[in-house]
Amino acid sequence: MLGYAGKVLYVDLTTGKTRTEKLNEETAKKYLGGIGLGMKLWLENSAAGVDALSPENPLVLALGPVSGTMFPTGGNGHAFISKSPETGAVGEAVSHGTFGSELKRAGYDAVIITGKADRQVYLWIDDDSIQLLDASSLWGKSPSETEDAIKDELGDYYVRVAAIGMAGEKLSKIACIINEKTRAAGRTGLGAVMGSKNLKAIAVRGTKDIVTAKPTEFMEMVKEFHERMKGPSTQKYRTLGTVENILINNTMNCMPTRNYSSAKFEDAEKVSGEALNAKYIQKIIACSSCPMRCEHEAVVREGPYKGTMARMEYDSLWALGPYTGVSKLDALIKAAELCNYYGMDAQSTGVTIGFIMDVHERAILTHEDLGMDAHFGNVESLLQLIELMGKREGIGDTLADGVKAAAAKIGKGTEKLAQHIKGLEVTGYDLRCLKTAALAYAVSFRGADHNRSSAYVVDMKGRVDRLKAEKGRGKIVKDLEDSYALIDSFIVCKNSRGSFYKELEDLARLYGLVTGYDITPEELTASAERVNTLARLINIREGLTRADDTLPWKVMNEPIPDDGPVKGAVVTQDELNLMLDDYYEARGWDPDGVPTKAKLAELGMEELTSIVESKEEA
Amino acid sequence: MVKIHERKFVSCDPEKCVGCQICEYACSNNKEKAFNPLKSRIRAVRQNQVVNMAVTCRLCEEPACIAACPRDALSQSEETGTVNIDKDKCNGCGWCIEACDYGAMMLHPETKIVYTCDLCKDNEDGPQCVKWCPEEALTLVTSDVLAQKARISAIKKLFQDRKPQ
């Protein structure tokens, strides 16, 4: 079967030994690739209750069936999968660029990294030659500096590198893995998993050909999608980019501001995508094989942050800006650059800083406790806190593991100010007035996350009453989640999702043209459901229950205070319970959120029934 | 025979190039029936996030690659200006690669014979990289046209503050 390289690489950092195994085609068909295949491989190679930062926790790097081809955005993605040190649940993060295509050309569908090196190393995958090279001189460097140093050392400027920064080295639970300097597998702290293995970076060079099963028809499909991606469905990403959401969300009163103190930011105009583009965006660049291009590079030309360059997106801009009350754009570009420098998830960083500012505003921790005057909107504090978190110094040590861990350390009731789900920091959509999104966030297997479903779109476009919790939302969320499982398992880009007019038919056609194996839309739906069910099974094995499908305290207890259409909105436990029941039912799970044996049998996942059986016995 | 100033080559506008490598994929797919940037006659280079540009053969008037070849394996087409490679004579020594200032000569990873851009002479619709470039950053131009463009852009810059308000 084409599309897959047919090989899985195992790297044991403890022994330094590597081996390859043939990819099981049956598994590939069932779980497609990307996060689906990655989670399956993680499950098979780990024991229940494994400590996320122990050598026994495998870090899986997985590609999709179209990786390495010319399919627009499809060729270039890769997914990291592991147990998240931040949530204790499935940790999964997808990134794009050119790293994934290079790895596919090196001949692998997945890399499974286990153990812990006895010294600081980086993994050098040069086609079939696998080496662990000394990384002691790279320790302390940023992902970008690491990439340059590795290219210099290997003497090949086409080597692709994914690396951690100082945050990952110091096991910060919000550390990310950055490839090609600006693209991050950002969420769930997988950079710390790499750091715990003494693994600074993965460098790849692949020289093999990638071919498709039906080349002529495949190229016709590529052409068609080039045209679609130049059309209205992706216009937002081509023009203003995701930062367009600042004004949209603000106008709709659903942009959490100052640690969920408000759902509106009075200075939104100052930090809008429009302002950013007018003054700072220097160039919009593309990942490999992408005709859409969306990566907005901001450059600061003057003032105290002169020379700063960072990629800007809605969620980083929102978290570092409105969420901390900071409205100086050049400082926010500096803040994003610092997050990249230390290798920290900018969203989690911003939310954690918003939290500590809230703690300070309420005088739970004083100026003396923090070593600074961290009021909302204080630009210098924002930048200083990022530095301290990256280095794990002072209050930064408390904050470096994210908001849940910080609140647990500080105590004094600050848990109520910590806006996270399952330990993962919230993202830029106020869940109190977006109730479908609230359900989606609550059930998301990796924690607070709009990227597992984009359910907020249903609320914001008015397809439902966004202030109402009612039956039917469960099915909506399930269908969206399944669709997103396909996107992340094929690994096509989420920003291109609008170009799949007939999502299932388009993806099925793509799969067939690439692999030569004809798959029906129905089979794809089953695969998607399988991927989400698999994630649930992993979380159940790791001890999560229905009680973890919940919302941050403020979302459930502090109604939106702002005057306007959403004033007073909140999600009550009753509302959440109603929607959870509805969702589990739509999924064919029992009222505790455990997949039934019948459902597993229907999906052909019998080999995993032992996970739900042990649950029943307990 | 085409007059020297009418020779066209593939030129990349760095302002427009986004570094997507679609030109590499289109080229290798056309020439080698595979997606493999290492087999592309045009190469996308990323200096940093904001400096991207694709580079291929410039069809020089006095090609250094040809002068450097010790086996007379290279010659320039009088008609199009492209560099022809005599596969039987080339032994992959790499003098031409070293001589080219633009990195336009490449050693094929499998045949170990050098290759370079031939403007897709076998394709009716011309160079595939130009055809597929989504940003229209690649154009097939003569040096005259490039010079015209440069003159116009220089004049625009000179007089940009004289636009009617």
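This is a predicted model: local features need pLDDT of at least 70, side-chain atom pairs count only at pLDDT 80 or more; totals for chains, interfaces and linings use all residues.
Helices here are DSSP runs of at least four residues and strands are runs of at least two, numbered from the N terminus.

**View 1. The surface and charges of chain A.** Chain A exposes about 19,300 Å², and carbon and sulfur atoms supply 49% of that area.

**View 2. Chain B and its order of elements.** Here you can follow five helices and eight strands, which run along the sequence as β-α-β-β-α-β-β-α-β-β-α-β-α. The C-alpha atoms of chain B fill a box of roughly 65 × 35 × 30 Å along the principal axes. Of its 165 residues, 45% count as buried. Among contacts with a separation of 6 or more, 55% come from residues 24 or more positions apart. Chain B exposes about 9,300 Å², of which carbon and sulfur atoms supply 51%. Its 23 positive and 23 negative charges have mean positions 4 Å apart. As for confidence, the mean pLDDT of chain B is 92, and 96% of its residues reach 70 or more. For the complex, the predictor gives an ipTM of 0.93 and a pTM of 0.96.

**View 3. B:V18 and the residues it touches in both chains.** Start in the loop between β1 (8–12) and α1 (22–32) of chain B, where B:V18 lies. Residues under 20% relative accessible area count as buried. B:V18 has a relative accessibility of 4%, so it counts as buried. Leaving aside residues up to four places away in sequence, B:V18 touches A:I284, A:I285, A:A286 and A:R293 of chain A, together with B:R46, B:N52 and B:E135 of chain B. For a sense of distance within chain B, look to B:P37: it is 19 residues from B:V18 along the chain, and their C-alpha atoms are separated by 16 Å.

**View 4. A:A286, looking at the contact with B:V18 from chain A.** A:A286 is found in the loop between β13 (281–285) and β14 (295–299) of chain A. Its relative accessibility is 1%, so A:A286 counts as buried. Apart from residues up to four places away in sequence, A:A286 touches A:R183 and A:R293 in chain A, and B:V18, B:G19, B:C20 and B:R46 in chain B. A:G97 is 189 residues away from A:A286 in sequence, yet the two are 7.7 Å apart in space, C-alpha to C-alpha.

**View 5. Positive phi values at A:N259 and A:S289.** A:S289 sits in the loop between β13 and β14 of chain A. Phi of A:S289 is near 70°, a positive value in a residue other than glycine. At 0% relative accessibility, A:S289 counts as buried. A:N259 is not a glycine either, and its phi is positive, at about 55°. With 0% relative accessibility, A:N259 counts as buried.

Conventions: Residues are numbered from 1 along each chain as its sequence is written. Chains are lettered from A and ligands numbered from 1 in the order in which they are written. Side-chain values use heavy atoms; hydrogens and water are left out. Accessible areas come from the Shrake-Rupley method with a 1.4 Å probe; for residues, only the protein chains shown count as cover. Lys and Arg count as positive and Asp and Glu as negative; His and the chain ends are not counted. The place of a charge is taken as NZ of Lys, CZ of Arg, CG of Asp or CD of Glu. pLDDT is the predictor's confidence in each residue, from 0 to 100. Buried means under 20% relative accessible area, exposed over 50%, partly exposed in between (1.4 Å probe, protein chains only). Contact means heavy atoms within 4.5 Å.
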